[in-house]
Amino acid sequence: MGTETITEPSRRTPVYGEFDVVVVGGGPAGIMAAAAAARAGGTALLIERYGFLGGAGTAGGLSTFCGLHARTYGADVRVIRGLADELLDRLVKLDGLNAPHLTIADGIAAQAFDISAYKIAADELVTGSGARILFHAMAVGAVLAPSGSVDAVLIESKSGRQAVRGRFFIDASGDGDLACWAGVPWEKAPPVDGMMYPSLMFRINGVDVNRAGPAPWRTVERLMDEAEKAGTHTFPRKKPIVRPQRNPLEWRANLTQLRRADGGAIDGTSVEELTRGELIGRQQAHHAFTFIRDRTPGFEDSYIVDIAPQIGIRETRRIIGPYQLTEEDVLGCADFDDTIGVNGWPVESHVAGTVEFRWQRRERGFNQLPFRIILPGTRADGRPAANLYVTGRCASMTHGAQSAARVTGPCFVMGEAAGTAAGMALSAGVAGDAIDVTGLQRRLEYQGAFLGRSAPEAVL
Ligand SMILES: Cc1cc2nc3c(=O)[nH]c(=O)nc-3n(C[C@H](O)[C@H](O)[C@H](O)COP(=O)(O)OP(=O)(O)OC[C@H]3O[C@@H](n4cnc5c(N)ncnc54)[C@H](O)[C@@H]3O)c2cc1C
């Protein structure tokens, strides 16, 4: 591909609207950020490139919430509360939430959901909180004020190019898109021996539950291992996750691993690599499904009911804020004075050919998440991005910490904190890093959030 550029004619860009808080990205972090910002009393707009919310949970076809629970002193307890309670309640009313199940060698709880129900529940939570949603709009750039604050986000859609102005912005794009355009510091692990590999999720339907037996996911893993040892098959990764959904006729399959030609991880910020990932992901899905259908009792009449709309991206840009959460913080169950919630998920690192798990060393089983990880760092020219928070999987975490706190539960936490804090910054007329953190903690706890400063309630 050539490196030449063309010069576009300059143009005047129509303004779509002006909002107190503008959130880019409608994954778990963005859903909570928009809902919390609207509840804080201002106008809030959530910009999402697809026609539905949920992020990797829906567009990436995950269909399981991880990180809602921690294994704390031997008990599986829900540690993600606050707005997450309302979302889960809505899912229950839609009959779209399984009871928690144990996963990763039965070491921690996760909770499967119905993807369509999640889309509806997220719509309801965001709009019911008073925020507006703009679907089918891709944020493509930012306009900065001379001070370094973000003035507007540029969007592209079927309506053309428009600008969305805001008083405060929250980057919940997962990839740190807005942070990158705003010029704040970020990093990305190298694709070879660095960044986590993406996967393309798919779901299988038509499983004969009675023939499949009580724990057929173990059968699938064993059969795949045996086939590899016998040399008849090779699979892109070890430790496949093949588990039943709410209706056990339907199963989700998480077993692909998407690589570049040099063996490195597909980079979710490269459109060429994303394209390659989709193509090889569907081939891998077809190959693995055929094996499962032909070898696993109960799967004889099954079929692929859905391949996720896009490959699931685990890691790309992570900002470098005033504090980066580290893997040691996760494994050592660290506490922080500026806690905004907790992460109980272990390190789950998708490395070449397999998945590595590293567990918390303390019985408490969760670390606190400091407010500082949603704050952008200082630019090289010293100008602050005073009206920007960066939340979710692109927050300020090292590669190792992100391998744990990227899952849905902690992303809910970071999103709710960012939306609530943005409202406080606007009310107080201060920069994002100058809010009263004790006041934020009080508000979050009032909203029902668990900040990890006491023992969690025994809620499953
Ligand atoms: C294959 C795979 C399996 C996983 N399995 C699980 C699991 O079982 N359970 C679990 O809890 N977690 C799982 N994860 C982790 C999951 O990525 C996170 O839980 C979570 O979705 C990250 O949330 P987020 O809001 O930070 O970002 P995302 O979920 O990535 O959401 C970002 C949102 O922003 C939108 N967006 C991005 N850029 C723009 C833009 N420029 N303009 C407009 N919109 C934009 C995207 O469309 C998306 O909706 C998995 C991840 C992958 C990839």
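How much space lies in the largest cavity? About 90 Å³ of space lies in the largest cavity of this structure, where a cavity is a set of points on a 1 Å grid over the protein atoms alone at which a 1.4 Å probe fits but cannot get out. This is a predicted model, in which local features need pLDDT of at least 70 and side-chain atom pairs count only at pLDDT 80 or more, while totals for chains, interfaces and linings use all residues. Residues are numbered from 1 along each chain as its sequence is written, and side-chain values use heavy atoms, with hydrogens and water left out.

**Overall form**

- The chain has 11 helices and 22 strands, which are DSSP runs numbered from the N terminus (helices are H or I with at least four residues, strands are E with at least two).
- The radius of gyration of the chain is 22 Å, close to the 23 Å that the globule rule gives for 460 residues, so the chain is as compact as a globular protein of that length; this radius is taken over C-alpha atoms, and the rule is 2.2 Å times the number of residues to the power 0.38.
- Along its principal axes, the C-alpha trace of the chain spans about 65 × 60 × 40 Å.

- Strands of a sheet pair through backbone hydrogen bonds, either parallel or antiparallel.
- An open sheet is formed by 4 strands in the order 14-15-13-16, with antiparallel pairing; two strands pair if DSSP finds at least two bridges between them.
- Strand 14 (241-244) and strand 16 (303-307) stand at the edges with a single partner strand each, so one side of each is left without a neighbour in the sheet.
- From one strand to the next, the twist averages 25°, with axes being lines fitted to C-alpha atoms (for helices over the stretch in contact) and angles running from 0 to 180 degrees between N-to-C directions.
- Strand 13 (residues 202-205) pairs with strand 16 in the antiparallel sense over 4 bridges, and the bridge partner of Phe-202 in strand 16 is Ile-307.
- Helix 6 (residues 216-230) packs on the sheet, where it touches strand 14 and strand 15 (251-254), and its direction makes about 155° with that of strand 14; contact means heavy atoms within 4.5 Å.

- Strand 3 and strand 7 (residues 108-112) pair in the antiparallel sense over 3 bridges, and in strand 7 the bridge partner of Thr-64 is Ala-112.
- Asp-95, in the loop between helix 2 (83-93) and strand 6, has a positive phi of about 60° although it is not a glycine.
- Ile-104, in the loop between strand 6 and strand 7, has a positive phi near 45° and is also a residue other than glycine.

**Cavities and a pocket**

- The structure holds 2 cavities of 30 Å³ or more, where grid points are joined across faces, edges and corners, and a volume is the space filled by probe spheres set on the points.
- Of the 13 residues that line the largest cavity, the closest to its centre are Arg-81, Ile-340, Val-413, Glu-416 and Ala-449; lining residues have an atom within 4 Å of a point.
- Strand 18 (339-343) and helix 10 (408-428) are the elements that give two or more residues to the lining of the largest cavity, and the largest share, 4 residues, comes from helix 10.
- By class, this lining of the largest cavity has 10 nonpolar, 1 polar and 2 charged residues, where Ala, Val, Leu, Ile, Met, Phe, Trp, Tyr, Cys and Pro count as nonpolar, Asp, Glu, Lys and Arg as charged, and the others, Gly among them, as polar.
- The second largest cavity holds about 60 Å³ of space, and its lining divides into 3 nonpolar, no polar and 5 charged residues, with Glu-221, Asp-225 and Arg-237 among them.
- The second largest pocket has a volume of about 190 Å³, a pocket being an open set with protein on both sides within 12 Å along at least five of seven lines.
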